[in-house]
Amino acid sequence: MSCRCFIIPDDVLTRFAADPELADELRQSLHHTAELSRRLRAVRDQNALLTLSALTLPFPRPAIPIPVPHVLPPGQVFNCHTGTTLPGTPVANPGSSADATVKRAYVEEETVAKFYWDVFKRDSIDGHHMTLISSVHYAVKFNNAFWNGSQMTYGDGDGQVFTDFTLGDDVIGHELTHGVTQHSLALSYSGEAGGLNESMSDVFGSMFRQWEKKQDVKNADWLIGHDIMGPVSKQKGYTCLRNMANPKDPHALAAQPDHYYPGIGNLDPHYSSGPPNLAFEKAAAAIGGHSWEKAGQIWYKALTGFGPSPSMTMPQFAARTRSLSSSMYPSDASIHTAINSAWAAVGL
Amino acid sequence: MLRSILLLIVLGLLSACNREQPLPQQKVTVMSEVTIEQMGGFVGAGSPGGHVRMRGRVAWSALSEADRAAIDRLFTAKTPVNANLYYRLTRQRDGRTETVDALPEQVPRALAASVQTTLE
């Protein structure tokens, strides 16, 4: 019997599956469909939990050989054609697509992978050559981009408040970093851990943008979402979503606090990420040079070097980077001083 | 004396019998609309310091039976959401405000499509 899928609520499928007036074969099929539907719905949550479980298994993971010479992880782009079913339709040869959004999503996801390999020797999102998946043209005039636990998704923007979200290289770096976080520190999306999760994505998204433009800390603008501001936002004087160097910036669409306080974790993670964002900018600025060379290395080690810690607090993360600044750069006390002062300046 | 007491008892019983019995309370569920707000993602709309709001609303009567049932299931299950992007649904039910968070794929398209972005 061929399998056909319908958008029918689970309870209806379950009721029909128990209907004695229907043929056994049909009831069996309905039963299977209901079960499949329930399980598919749970896949997303399970994916994150599975990643966390795999990371905390009490035996070492077998080493996966890294290709030598290194090749970038495979990248795929899917087109949702303004629908909301993920991942959408696969695009053949996305790197040479006539659709600029498709091509940009492919080129940038590969470039982020190159950034993670060249700068941190990390092989893809999971560190094990995982295929990168991006879906574009999600929904109609969708004003957002997100990581859903297994892939990146980009909206076209409404052309007024926001433009095409693939236009921001920091957007792509931000979303892909949510994947890296899921496969390392496994931070939750709520509480102080949620704020740290968002901050990791802003920090590495901004670092990627600077790396791509070959900017040092003085030339970097530290703006998040600058390249996706639409005409209406610009007309109203907004230049970005968030400003890492000045979280309270009145020209930011989503201004943030610049100082930590107990209870900040009760607020939206995009709000509470202000202090750790500012701490990174201050540390990188004090150290000088390129942000990814020293401050970035400390943040990366703190993110990926100690296994999962889903409920990590901001003071715990700050303490870890302080400790790493000494152990990673034992002969340069100025780096520890820079990190220490940066956290102290934001109340941590 | 005894006659008076009996009289009082009888009057009391009669009074109790004549008292109007309250009608059994009919459970009337009143719902006028569902509001929806997009939260999180790269934009993080809805954060306290933010100027971006992504909200929509749909009249309960404008939703299909299937969509109403799907929404009812979300409010019944109230499963916590731990996701980068999610929707917050709110409705008034029998004078009480109910709120639940849901993943994009759980929200009926008619409701998700009502979301409009505004700058405040």
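In chain A, the axes of helix H5 (residues 191-213) and helix H10 (residues 314-328) come within 9 Å and cross at roughly 50 degrees. Axes here are lines fitted to C-alpha atoms, for helices over the stretch in contact, with angles from 0 to 180 degrees between N-to-C directions. H5(A) is therefore oblique to H10(A); under 35 degrees counts as roughly parallel, over 145 as roughly antiparallel, 65 to 115 as roughly perpendicular, and the rest as oblique.

On the H5(A) side, Glu192(A), Gly195(A), Leu196(A) and Met200(A) meet Met314(A), Pro315(A) and Phe317(A) of H10(A), where contact means heavy atoms within 4.5 Å. By class, this contact has five nonpolar, one polar and one charged residues; Ala, Val, Leu, Ile, Met, Phe, Trp, Tyr, Cys and Pro count as nonpolar, Asp, Glu, Lys and Arg as charged, and the others, Gly among them, as polar.

The model is predicted: local features need pLDDT of at least 70, side-chain atom pairs count only at pLDDT 80 or more, and totals for chains, interfaces and linings use all residues. Residues are numbered from 1 along each chain as its sequence is written, chains are lettered from A and ligands numbered from 1 in the order in which they are written, and side-chain values use heavy atoms, leaving out hydrogens and water.

I turn now to Gln235(A), which is found in helix H6 (residues 231-235) of chain A. Gln235(A) counts as exposed because its relative accessibility is 69%; buried means under 20% relative accessible area, exposed over 50%, and partly exposed in between, with a 1.4 Å probe and protein chains only.

Methods
Helices (H or I, at least four residues) and strands (E, at least two) are DSSP runs, numbered from the N terminus.
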